[in-house]
Structures are given as C-alpha cells and as structure tokens.
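Dear colleague,

I am passing on the structure below, followed by my notes on what was found in it. Please read the notes alongside the coordinates.

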Amino acid sequence: MTVGAVDKNYTDFIFDQRLIHLEVFPLSIEELETVDRNQHGYNIDPLSEGEKGLLIQTSLQRLRHPLVRYVCGDVASLHPLPETVQRKLPQETSHHYKVVRIYGRDRRISFDWYGEYFEFHIVQALMRTESWGVLQYQIILRNKEEDASGVATVLEVRILRGTGNGQISEQELTREIRNFFMVFDFNEELFQLIFLSNYSGFVRSTTGRKVINFVNWTGKS
C-alpha cells in the first residue's frame with residue numbers, strides 16, 4: 001500500500017506487471033452477456049490510466065489453471081508508480097511496477113454484510129439449487145431497530161418454497177443458508193431467515209409490483 005491513501009475513500013496497492021496483468025474497463029462491461037464475452041471477447045477497449053471502472057485481472061503465474069480476464073467486482077483505476085517510490089527501487093526493475101487504486105466493490109453486482117461481500121449471481125445460483133425447492137427469495141438489508149447509530153445492519157432472507165420430492169428439510173436448508181452467509185454465534189442477532197407461505201410476504205416494486213430480489217433499507221449506497 002502506498003503512503004497517503006489510508007485517509008481517502010480508496011486504497012492504493014503496488015503490483016508487479018510481470019506477475020499479474022490488470023485492466024480497467026467501463027462499468028457498462030457487466031451489461032454484456034457472459035456468452036458474448038466468452039466467445040467473442042470484450043468489444044470495449046480498456047480505460048486509460050486514472051479513469052475509474054471495473055477491475056479485470058489476468059494471472060501470469062497460474063499456468064495450469066490460468067485466470068484470464070477475471071471480473072473482480074472491484075471499482076478501480078490504474079496509475080503510474082509515484083516518483084518517491086520509484087527512487088527506492090532499482091532502476092532496471094521499477095518500470096515493471098504500477099499502482100492500482102481500489103475504491104471498493106461494485107454495488108451493482110454485490111452487497112456486503114458483516115464484513116463479507118456476496119455476489120448477486122452466486123446468491124442467485126445458490127437459490128436455484130434443485131434440492132432447496134426455492135420458488136422465490138428476497139434479501140433485505142435494514143438497520144437494527146434498537147441501534148440509534150444506524151451502524152448495525154440486519155440481513156433478512158425471505159424464502160418461499162414449493163412442494164416436491166427430493167427436497168431437503170427446512171432445518172437442513174436453514175443450516176445451508178446460514179453457512180453461506182457466514183452466520184455465527186457472534187452475529188446471528190443480525191440475521192433473520194423467514195419462510196413464507198405465499199407471495200404476499202415479499203416486498204414489491206412500486207411500479208410493476210414485481211418481487212425485488214434485493215432490497216436495501218439501510219440508506220447506504
């Protein structure tokens with residue numbers, strides 16, 4: 001981490017371009033279909049140094065299982081190495097180093113609770129597990145009622161299940177969901193799992209009256 005970044009809304013990290021290749025793409029890159037990205041590559045050029053966007057990484061070390069243009073989910077920008085740092089490095093190697101400035105996670109593709117980030121597409125895939133029998137789910141972040149400071153965030157998960165053969169029990173599903181969201185004794189008071197009997201228990205959009213999978217009532221972006 002470089003000096004002077006700790007009191008900002010970002011953190012700077014120095015990386016070696018011989019070990020990892022980092023690119024920053026416009027945030028709109030996530031709107032491209034996954035199939036289109038995999039088959040035809042990115043049709044958008046990386047951003048220039050200093051421009052903020054979505055961080056994409058390619059590992060230059062993992063030869064057996066290469067990580068190629070992996071979408072990290074972080075908002076970042078790339079910068080040249082500060083001269084003060086360059087002077088401390090051997091001249092023949094300093095040009096290999098650059099700075100990646102991390103601003104945090106892209107809130108459109110993930111949310112955080114109790115210090116952990118959860119990607120929406122991973123949550124969605126999990127809820128589609130056949131043995132779970134989930135017809136509809138909803139995740140709600142809200143402030144703890146007794147917390148006047150608004151710091152404590154409650155994670156509420158609402159589940160509507162169907163009826164069918166091969167489904168795990170409600171107790172087993174509860175255990176699976178708690179494990180995924182890393183619910184332990186020290187944070188379980190901030191977690192609530194609700195099994196619904198019909199769709200009326202879900203929060204709906206004010207326009208189309210559709211069930212919203214993710215609702216943020218904390219007032220935090």
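Where is the place of R18? R18 is in the loop between β1 (11–16) and β2 (20–25), where helices (H or I, at least four residues) and strands (E, at least two) are DSSP runs numbered from the N terminus. Please keep in mind that this is a predicted model, in which local features need pLDDT of at least 70 and side-chain atom pairs count only at pLDDT 80 or more, while totals for chains, interfaces and linings use all residues. Residues are numbered from 1 along each chain as its sequence is written, and side-chain values use heavy atoms, with hydrogens and water left out.

R18 counts as partly exposed because its relative accessible area is 40%, given that buried means under 20%, exposed over 50% and partly exposed in between (1.4 Å probe, protein chains only). Leaving aside neighbours within four places in sequence, R18 is in contact (heavy atoms within 4.5 Å) with L60, T93, H96 and Y97. The side chain of R18 also makes polar contacts, one of 2.8 Å with the side chain of D16 and one of 3.4 Å with the side chain of Y97; a polar contact is a pair of N or O atoms within 3.5 Å, where within protein one must be able to donate a hydrogen and the other to accept it, and residues adjacent in sequence count only if both atoms are side-chain atoms. Between R18 and Q61, which are 43 residues apart in sequence, the C-alpha to C-alpha distance is 8.8 Å.

Turning to the strands, β8 (residues 134–143) is mostly covered, with 8 of its 10 residues buried. Strand β8 pairs (DSSP finds at least two bridges between the two strands) with β9 (residues 153–161) in the antiparallel sense over 9 bridges, and V134 stands opposite R161 of β9. With β11 (residues 214–216), strand β8 pairs in the parallel sense over 3 bridges, and there L141 has N216 as its bridge partner.

Another residue to look at is F186, which lies in the loop between α4 (170–180) and β10 (191–196) and is exposed because its relative accessible area is 53%.

For the protein chain as a whole, there are 4 helices and 11 strands, and 38% of the 221 residues count as buried. Among contacts between residues at least 6 apart in sequence, 62% join residues at least 24 apart.

With kind regards
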